[in-house]
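Visitor: I am new to this structure and would like to be walked through it. Could you show it to me before I start asking?

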Amino acid sequence: MNNDRLVLLGTKGGPSMRSITRMPTSSLLVINGCNCIIDCGLGVARGAVAAGLELTEIDAVFITHLHSDHVLELGPLLHTAWTNGLMKTVRVYGPVGTRTHLDHFLESMRFDIDLRIGDEGRIDLRELIVVSEYGEGTLDYDGCRVSALRVHHPPVTECYGLRFDAEGWSITFSSDTSKFPPLVDFARDSDILVHEAMLAKGVDWVVSRAKNTSRLRQHLFASHTLPDEAAEIARDANVGHLVLHHLVPADCPVVDESDWHAAVAGIWDGEFSVGEDLMEIKRMQR
Ligand SMILES: [Zn+2]
Ligand SMILES: [Zn+2]
């Protein structure tokens, strides 16, 4: 498909927002002509529009887990697509809890939704959203083959890496995880591996700025992957392009792009990108 592409909409790890250089995690994947949103951190709607997507053309949304930096803007994205004129069904895939999350959002917006149905003659948004809660295995999506792997992101147990396979093109997202060797087989020979990464050098800076959290450092090291570890996964999986995503830290003055490159040097010598918001990678024909 000529227009197939991956666009990183938000590349920051974690839900805090202290600058607008990087927004929390979300991506747009256009594959086989299907417009898929992967994760819905704050800023996803703005990012998708900036990437040139008409929100009414979203076909499916995939949520990897229910941490707020991945799901906070799910409801607002769908509602905004609706007020933009959405008329078709949007499939939403997420782990157990996604349906309840979305039901509560829709209930919280009931006044507005009911008002617009009556006042503006819109189709009921609640009838346009079809939620499928998934676990490990192959997802029932007809746009392309989608597979899910439970990764290691304690204390969250329902957290999944996702792999999208179309004829001649495959993209794997690690989601949030500590280094997880089963990702090697899961991502094997993917054209692109979008892997989360945390640079140890910046963690003290992140922790020093965080308020109202006494265990953030322990959480970060138990639940996330260092860039050299992501590089090992990419190398062992023989992927075509390693893209670091969900960056921690994301806006730290003592960390720059050269630190990420230095961290993978000697392990990964293939195509490499440090994710940036609105970075686009077009589908290459094989
Ligand atoms: Zn996250
Ligand atoms: Zn997470």
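Visitor: Which residues of β11 point one way, and which the other way?
Guide: From β11, Ile192, Val194, Glu196 and Met198 point one way, while Leu193, His195 and Ala197 point the other way. They are all buried, where buried means under 20% relative accessible area, exposed over 50% and partly exposed in between, with a 1.4 Å probe and protein chains only. In a regular strand, side chains alternate between the two faces of the sheet. Please note that this is a predicted model, in which local features need pLDDT of at least 70 and side-chain atom pairs count only at pLDDT 80 or more, while totals for chains, interfaces and linings use all residues. Residues are numbered from 1 along each chain as its sequence is written, chains are lettered from A and ligands numbered from 1 in the order in which they are written, and side-chain values use heavy atoms, with hydrogens and water left out.

Visitor: Why is β11 described as largely enclosed?
Guide: Strand β11 covers residues 192–198, and seven of its seven residues are buried, so the rest of the structure largely encloses it. Strands here are DSSP runs of E with at least two residues, helices are runs of H or I with at least four, and both are numbered from the N terminus.

Visitor: Which way do β10 and β11 run, and how many bridges join them?
Guide: They run parallel, and three bridges join β10, residues 169–173, to β11. Two strands pair if DSSP finds at least two bridges between them. One such link has Leu193 of β11 as the bridge partner of Thr172.

Visitor: What about Ile171, buried or exposed?
Guide: Ile171, which is placed in strand β10, counts as buried because its relative accessibility is 0%.

Visitor: What is Ile171 in contact with, beyond its neighbours within four places in sequence?
Guide: Its contacts there are Leu29, Ile31, Leu162, Arg163, Phe164, Ile192 and Val194; contact means heavy atoms within 4.5 Å. Cys252, by comparison, is 81 residues from Ile171 along the chain, and their C-alpha atoms are separated by 29 Å.

Visitor: Changing topic: where are the cis peptide bonds?
Guide: One joins Pro154 and Pro155, with omega about 5°. Pro155 sits in the loop between β8 (145–150) and β9 (160–166). Another runs from Val248 to Pro249, with omega near 0°. The loop between β12 (241–248) and α11 (257–264) holds Pro249.

Visitor: What is the phi of Asp39, and where is that residue?
Guide: Asp39 has a positive phi of about 70° although it is not a glycine. Its place is in strand β3, residues 34–40, and it counts as buried because its relative accessibility is 4%.

Visitor: And what is the phi of His246?
Guide: His246 has a phi near 50°, a positive value in a residue other than glycine. His246 lies in strand β12 and, at 3% relative accessibility, counts as buried.

Visitor: Stepping back, how many helices and strands are in the protein chain?
Guide: The protein chain contains eleven helices and 14 strands. Buried residues account for 56% of its 286 residues.

Visitor: What does the C-alpha trace span along its principal axes?
Guide: It spans about 60 × 50 × 30 Å.
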